[in-house]
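Please examine the protein shown below. The questions that come after it are meant for a reader who is new to structural work.

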Amino acid sequence: MKNPENMNALFGLNAASFATGKFDKISLRIEEYLELHPANLNMLFNASGINYELGNYEKAEEYIERLLLFDEEFSGAKELKEKIIIKR
């Protein structure tokens with residue numbers, strides 16, 4: 001992906017990743033995006049979920065904690081955090 005800020009491409013790649021179970025490419029792309037936009041809550045949630053799926057539980061927890069600093073009531077965040085804690 002040439003433009004790391006292309007939200008439509010990121011969301012499309014994210015959906016395809018969850019549909020196929022292949023998360024390596026999207027993980028890198030979301031990290032690139034978050035370097036430019038570190039407070040994007042949707043991308044923080046996606047980064048946490050993808051790292052959870054990859055078994056990177058510490059990294060998943062870092063992203064979800066960052067998200068919860070901005071919005072304690074973000075839909076699904078508390079549930080994902082509980083899943084991550086169980087796996088750690």
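This is a predicted model: local features need pLDDT of at least 70, side-chain atom pairs count only at pLDDT 80 or more; totals for chains, interfaces and linings use all residues.

Residues are numbered from 1 along each chain as its sequence is written, and side-chain values use heavy atoms, with hydrogens and water left out.

Q: Which residues touch the most other members of the largest nonpolar core?
A: A nonpolar core is a set of buried Ala, Val, Leu, Ile, Met, Phe, Trp, Tyr and Cys residues joined through side-chain atoms within 4.5 Å; buried means under 20% relative accessible area, exposed over 50%, and partly exposed in between, with a 1.4 Å probe and protein chains only. Helices are DSSP runs (H or I, at least four residues), numbered from the N terminus. The largest core has 20 residues, and those that touch the most other members are I30 and L34. At least two residues of this core come from each of the helices α2 (24-36), α3 (41-54), α4 (57-70) and α5 (77-87).

Q: Which residues does L34 touch, not counting residues up to four places away in sequence?
A: Contact means heavy atoms within 4.5 Å. With residues up to four places away in sequence not counted, L34 touches N40, M43, L44, A47, Y63 and R66.

Q: Are α1 and α2 roughly parallel or roughly antiparallel to each other?
A: Axes are lines fitted to C-alpha atoms, for helices over the stretch in contact, and angles run from 0 to 180 degrees between N-to-C directions. Angles under 35 degrees count as roughly parallel, over 145 as roughly antiparallel, 65 to 115 as roughly perpendicular and the rest as oblique. The axes of α1 (residues 7-20) and α2 come within 10 Å and cross at roughly 150°. The two helices, α1 and α2, are therefore roughly antiparallel.

Q: How many nonpolar, polar and charged residues are in the contact of α1 with α2?
A: On the α1 side the contact is made by M7, L10, L13, N14 and S17, and on the α2 side by I26, R29, I30 and Y33. Ala, Val, Leu, Ile, Met, Phe, Trp, Tyr, Cys and Pro count as nonpolar, Asp, Glu, Lys and Arg as charged, and the others, Gly among them, as polar. By class, the residues of the contact of α1 with α2 are six nonpolar, two polar and one charged.

Q: At what angle do α1 and α3 pack?
A: Two packed helices are described by the angle between their axes and the distance between the axes. The residues M7, L10, F11, N14 and F18 of α1 meet N42, M43, N46, G49, I50 and E53 of α3. The helices α1 and α3 are roughly parallel to each other. Their axes are 12 Å apart, and the angle is about 25°.

Q: How many charged residues are in the contact of α4 with α5?
A: The axes of α4 and α5 come within 10 Å and cross at roughly 155°, which makes α4 roughly antiparallel to α5. In this contact, Y57, A60, E61, I64, E65, L67 and L68 of α4 meet A77, L80, K81, I84, I85 and K87 of α5. By class, the contact of α4 with α5 has nine nonpolar residues, no polar ones and, as charged residues, four.

Q: Is N46 buried or exposed?
A: N46 is found in helix α3. Not counting residues up to four places away in sequence, N46 touches F11, N14 and I30. At 13% relative accessibility, N46 counts as buried.

Q: What is the relative accessible area of N51?
A: N51 has its place in helix α3. Beyond residues up to four places away in sequence, N51 touches S27, N56, Y57, K59, A60 and Y63. N51 is buried, and its relative accessible area is 2%.

Q: Which residues does S27 touch, not counting residues up to four places away in sequence?
A: S27 lies in helix α2 and is buried, with a relative accessible area of 11%. With residues up to four places away in sequence left out, S27 touches I50, N51 and L54.

Q: What separates the C-alpha atoms of G21 and L54?
A: G21 is found in the loop between α1 and α2 and counts as partly exposed at 44% relative accessibility. G21 and L54 are 33 residues apart along the chain, and their C-alpha atoms are separated by 9.3 Å.
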